[in-house]
Amino acid sequence: MISQWQLRAAFAARLSDVYGREVPAYTTLVDVSREVNEDVLRAQGADAERLGSIGRVTAERHGAIRVGTPAELGQVARVFGALGMHPVGFYDLREAAAGAVPVVSTAFRPVDGEELARNPFRVFTSLLTPADPRFFDADLRARLENFLAGRELFPPELLALADRAEAERELPEEDAERFLQLAVSAFELSTEPIDRAWYETLEKVSAVAADIGGVRSTHINHLTPRVLDIDELYRRMTERGIEMIDTIQGPPNWKGPDILLRQTSFRALAEPRALRTPDGSVISGALRVRFGEVEARGIAVTREGRALHDRLLGRIDEHLALHPGAERAEVARALWEEHLPGTEQELAAQELAYFTYQVADRRPRDGSRPPATLGELLAQGWVQARPIVYEDFLPRSAAGIFQSNLSGEGSRDNDQEGTAHDAEWLSAAVDREVLDPFALYEQQQNRSLARVARELDLDGPLR
């Protein structure tokens, strides 16, 4: 029998092979990421693995896909449910982007700590919003919804196997192999000719809309390895002649602890695609929608930590508006060093980030009773803290990556009022709860605190 985590690991590996064949520059990205990680491990030793073992980091990937309807998103949830992946977080890229990115998103990923350690594969999944009048007028919305209703992204056999794998949490080897073949095939780039006129109609609104609603299939949009030094990776990729986007999205490179997520990518490449012209003939063309992203993950922050992060982003924008010639990275670094704690201990003490706690192997052996507060337990060496990896995404960074790889801003009518979509709406769309990432991190932290209290025979919960 093949368990869910084994299915997940095999799916991620096979998808990586497929994407490497389709987008050769992705293979270069993976190779350079591995080289950088090996160099960081040599230089830093055990400190390099503070946010995950090198085995986990090397195998780690996140993918990105885009679908057009709630029904399609529900089927995606079934496929990823077979892999032990759950929808976590709600991201409204319509609001995070300056230009036209008419999608809302969630991320499918494992949520259990052991499952994440085995294979942390995650897929950022975006859903088109045809009902939003800022992007689509009534006529185009009707045409788009009619087009989307007439396509099938996932064959019934795949969905049936997915439901069985989710219910039973495993599949027999032969069925597992069939499931993997069908699942990987569903995300391969189709060779079916694209209606050029229809694609170009949607492209005037947004290249993202055209990539979703202008074709009769879905595909892996990017696949992202994890790197331990994203600034060094950016430099090495540029040295190899790979054109990177202008910036590294997310928090700055600074002297304190890395928090949340930093991302960058190489620019979308022109890929040959068959196009059908209005007279019915098929010609060879090219579309530029897929790119190679890479990420560096930091510590998960609490709601208070996230609020501080978001306030600092606002301060950066304000400063740059007043000083247009200033370097964004330098402004961000100065603000980070002024307002963010410079050590993990301070982050924990100020309850700005999440950690797991465990009783120290070399705790005091003088017969004294352990102190009753977490701060004292840490200070006196009874307990050790380990940062929890941020497993999720930042809407502003995701929108920034999307936009930096598009050829135009598209069109957006800000005089119209947008449709209201939130996590509750998305939960109904996929017929399963979209989980709150903060709650997941807090549960993980609280479980570790309860374990410490039991092991040290303390009265009451630790704070």
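Modeller: The protein carries 54 positive and 75 negative side chains, and the centres of the two sets lie 2 Å apart. Lys and Arg count as positive and Asp and Glu as negative, while His and the chain ends are not counted; each charge is placed at NZ of Lys, CZ of Arg, CG of Asp or CD of Glu. This is a predicted model, in which local features need pLDDT of at least 70 and side-chain atom pairs count only at pLDDT 80 or more, whereas totals for chains, interfaces and linings use all residues. Residues are numbered from 1 along each chain as its sequence is written, and side-chain values use heavy atoms, with hydrogens and water left out.

Colleague: What is the confidence in the protein, and where is it lowest?

Modeller: On pLDDT, the predictor's confidence in each residue from 0 to 100, the protein has a mean of 92, and 99% of its residues reach 70 or more. Confidence is lowest in helix α17 (residues 395-404), at a mean of 80, and highest in helix α8 (residues 156-168), at 98.

Colleague: Why is the protein called as compact as a globular protein of that length?

Modeller: The protein has 19 helices and 14 strands, these being DSSP runs numbered from the N terminus (helices H or I, at least four residues; strands E, at least two). Its radius of gyration is 23 Å, close to the 23 Å that the globule rule gives for 463 residues, so the protein is as compact as a globular protein of that length. The radius is taken over C-alpha atoms, and the rule is 2.2 Å times the number of residues to the power 0.38.

Colleague: Why is E351 called exposed?

Modeller: Exposed means over 50% relative accessible area, buried under 20%, and partly exposed in between (1.4 Å probe, protein chains only). E351 has a relative accessible area of 55%, and is therefore exposed. E351 lies in the loop between α15 (344-349) and β13 (355-359).

Colleague: Why is R34 called partly exposed?

Modeller: R34, in helix α2 (residues 24-44), has a relative accessible area of 36%, and so is partly exposed.
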